[in-house]
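Thanks for coming. Please have the model open.

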Amino acid sequence: MARISKDEYYLNIAREVAERSTCLRRKYGAVIVQSDQIISTGYCGAPRGTVNCIDIDFCLREKRNAKRGEHYEWCRSVHAEQNAIIHSKRLDMMNAKLYLMGIDAKTGEVMDDAEPCKLCQRMIINSGISKIISYGKKNKIITIDVEKDWIATNMGEVKKEKGKWIVLDESVI
């Protein structure tokens with residue numbers, strides 16, 4: 001019997017953390033790892049002391065048919081990545097890895113395209129986390145390099161042409 005890789009190990013933990021999520025659409029779990037030590041976990045849920053969506057059986061984003069990646073201001077949840085970051089010290093997160101697991105709340109299927117939203121991307125950049133690891137198509141482990149994939153490209157939002165900044169996607173600025 002083969003031993004699972006460290007990435008699989010931490011993704012399996014992120015899957016269990018996701019099961020605590022209270023979102024009616026998607027369950028996300030995040031695990032921040034520094035030097036092979038878990039320093040924080042987080043899952044989607046309403047702010048502390050407030051009612052969760054699963055308790056009221058209501059999701060405004062679902063009711064208003066919000067597309068994926070849009071209108072997070074309608075969501076009651078604090079995202080898994082945000083919760084994991086909130087519960088960590090920045091110095092502990094410098095060059096850490098964030099393992100992210102997404103599960104469809106209705107089917108229970110592991111998502112093959114789980115990725116942080118734009119707001120979470122901004123928080124991850126500022127936290128000092130260097131890599132995001134999740135599952136891609138056919139359960140292939142994928143890695144996002146924060147410096148190369150997000151910072152160097154200005155998150156795909158703007159680029160410089162002839163010495164002037166050009167907005168590429170006004171919907172995310």
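The side chains of Ser88 and Ser40 make a polar contact at 3.3 Å. A polar contact here is a pair of N or O atoms within 3.5 Å; within protein, one must be able to donate a hydrogen and the other to accept it, and residues adjacent in sequence count only if both atoms are side-chain atoms. This is a predicted model, where local features need pLDDT of at least 70 and side-chain atom pairs count only at pLDDT 80 or more, while totals for chains, interfaces and linings use all residues. Residues are numbered from 1 along each chain as its sequence is written, and side-chain values use heavy atoms, with hydrogens and water left out.

Where does Ser88 lie? It is in the loop between helix H4 and helix H5 (90-93); helices (H or I, at least four residues) and strands (E, at least two) are DSSP runs, numbered from the N terminus. Is Ser88 buried or exposed? Ser88 is buried, at 16% relative accessible area, because buried means under 20%, exposed over 50% and partly exposed in between, with a 1.4 Å probe and protein chains only. Setting aside neighbours within four places in sequence, Ser88 is in contact (heavy atoms within 4.5 Å) with Ile32, Ile39, Ser40 and Met93.

Now helix H6 (118-127). Its buried residues are Cys120, Gln121, Ile124 and Ser127. They are on the same side of H6 because they cover an arc of only 125° around the axis, the arc being that of the directions from the helix axis to the C-beta atoms. In general, an α-helix has 3.6 residues a turn, so residues three or four places apart point the same way. The buried residues of H6 pack against H4, H5, strand S4 (131-135) and helix H7 (146-151). After H6 comes Gly128, with a positive phi near 100°.

H6 also takes us to the largest pocket, where it gives the most to the lining, with four residues. A pocket is an open set of points on a 1 Å grid over the protein atoms alone, where a 1.4 Å probe fits, with protein on both sides within 12 Å along at least five of seven lines; lining residues have an atom within 4 Å of a point. The largest pocket holds about 690 Å³ of space, a volume being the space filled by probe spheres set on the points, which are joined across faces, edges and corners. Of its 28 lining residues, the closest to the centre are Gly69, Tyr72, His79, Cys117 and Lys118.
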